[in-house]
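Have the 3D view open as you read.

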Amino acid sequence: MKKSRKTNNILIGITGCIAAYKSCYLIRLLKKNQYNVKVILTENAKKFIGKATVEILSGEKAYDTLWEDRTDTSHISLTDWADIFIIAPATANIIGKCANGIADDLLSTVFLSCNKKTIFVPAMNERMWDNPIVKMNIKKLSNLGYIIMQPDEGFLACNAFGKGRMPNPDNIYDLIKRVDFPSEKLSGKRIIITGGAVSEKIDPVRVISNLSSGKMAKAMAKACYYAKADAITFIHGELSIAPPEFSNNIKVNNADEMLEKIEENIDNHDILIMSAAVSDYKPKKYSDKKIKKADKLEIELVKNIDILKKLKDKNILKIGFALETNDHKKNAEKKLLEKDLNYIIINSQSAIGSDDTVLSILSKSGDSLEDQKGSKLEIANKVIKWIKF
Ligand SMILES: Cc1cc2nc3c(=O)[nH]c(=O)nc-3n(C[C@H](O)[C@H](O)[C@H](O)COP(=O)(O)O)c2cc1C
């Protein structure tokens with residue numbers, strides 16, 4: 001019988017790093033999202049986090065030895081159970097053992113007997129990460145088809161600065177989702193997504209802006225990432241949330257800059273998803289000195305550039321967003337034709353700033369998907385599933 005995707009089984013191997021504590025949060029995230037989780041701890045991992053912690057978080061016993069139960073060959077049964085195997089954090093030691101077929105404890109033996117998708121999340125001091133032997137082992141594992149998540153650059157536990165830090169568990173979770181996601185629809189595609197509030201300066205300290213949070217754009221980026229897009233370029237204005245970490249992020253200040261960055265990138269991309277809220281108007285004249293407070297101030301506004309219209313000739317699949325407070329469908333259809341879009345997504349006013357949305361999509365060919373309601377991520381996944389790329 002086919003298993004429901006929501007109850008997939010994730011086997012996590014934790015090794016002896018300071019970053020082991022981050023895996024506790026990863027277990028929680030996976031459990032919160034209905035995954036089943038079992039954990040293997042190496043002897044050295046147990047010096048950093050206790051069995052009790054992972055048992056309470058995972059709701060399963062923690063595994064740490066080959067020799068506990070003579071009636072169960074746990075190194076085989078655990079890999080039978082797992083849909084995805086992830087070693088996070090992965091020490092230089094486990095990477096070396098796995099790359100060279102050494103099976104001298106439960107975790108390394110499970111690795112050798114595992115034929116499921118396997119992810120390594122290395123974490124170590126930057127000099128260890130730079131060591132040519134570690135590099136060679138990583139390359140070998142990568143060439144053999146194992147998925148290697150690149151460590152982050154930043155402050156390390158040993159007070160050094162460099163590459164080697166274990167990525168944030170939210171990003172590891174997103175990678176697991178991508179590996180687990182039942183669609184490869186966007187494999188081979190490169191996507192530009194714009195998001196957030198794009199403002200226009202009035203004077204050095206004031207702007208005309210809007211209430212866009214960038215949450216829908218981030219949800220679209222995640223949906224594209226899960227559906228295995230090759231690359232995502234996220235061009236954004238102000239966001240009320242952190243931008244995604246799996247994308248190439250470019251911050252812009254105004255509509256002109258956004259157009260410039262899209263034009264710089266568009267020729268090596270296949271799809272443009274324009275969900276940024278660009279100010280329709282901008283001040284006719286920018287004051288390079290702060291405008292003095294007075295009883296009354298009148299600012300003359302002029303129409304801002306229309307980014308999608310400027311990109312009309314670009315041969316790329318274009319998806320626009322429309323937010324209308326009245327005559328939604330009629331206005332969206334007009335926008336779809338005027339801007340020569342392939343699809344237009346009609347967003348509701350109530351979605352601004354919220355984690356949820358209600359939206360409909362119209363296609364150039366007249367198809368529509370109406371009144372989709374749910375979290376922005378759920379709806380973004382549905383949108384990507386529905387659109388013909
Ligand atoms: C305080 C401390 C922190 C450590 N942090 C790391 C680390 O971040 N990455 C790493 O590869 N090794 C780290 N090590 C070294 C490993 O714990 C050591 O290589 C050990 O043999 C790994 O065993 P395991 O891979 O079986 O868990 C650390 C050791 C200590 C004492």
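## The sheet

Start with an open sheet of eight strands, in the order β14-β13-β9-β15-β19-β20-β21-β22, with mixed pairing. At the edges sit β14 (248–251) and β22 (368–375), each of which pairs on one side only. Going from one strand to the next, the twist averages 20°. Keep in mind that this is a predicted model.

Now look at β15 (residues 271–274) and β19 (residues 317–323): these two run parallel and are joined by four bridges.

Two helices to pick out here. Helix α10 (residues 255–266) lies across β9 (190–195), β13 (231–236), β14 and β15, and runs at about 175° to β9. Helix α12 (residues 328–338) packs on the sheet too, where it touches β19, β20 (343–347), β21 (356–363) and β22. The direction of α12 makes about 150° with that of β20.

## A helix pair

How do α8 and α9 pack, and at what angle? Helix α8 (residues 169–180) and helix α9 (residues 215–226) meet at an angle of about 50°, with their axes 8 Å apart. The two are therefore oblique to each other, as that label covers angles that don't count as roughly parallel, antiparallel or perpendicular.

On the α8 side, the contact uses Tyr173, Asp174, Leu175, Lys177 and Arg178, which meet Lys222, Tyr225 and Tyr226 in α9. Sorted by class, that contact of α8 with α9 has four nonpolar and four charged residues, and no polar ones.

Terms used:
Residues numbered from 1 in each chain as written. Predicted model: local features only at pLDDT ≥ 70, side-chain atom pairs only at ≥ 80, totals over all residues. Heavy atoms only, no water. Pairing = 2+ DSSP bridges. Axes fitted to C-alpha atoms, helices over the stretch in contact; angles between N-to-C directions. Contact = heavy atoms within 4.5 Å. Parallel < 35°, antiparallel > 145°, perpendicular 65-115°, else oblique. Nonpolar A, V, L, I, M, F, W, Y, C, P; charged D, E, K, R; others polar.
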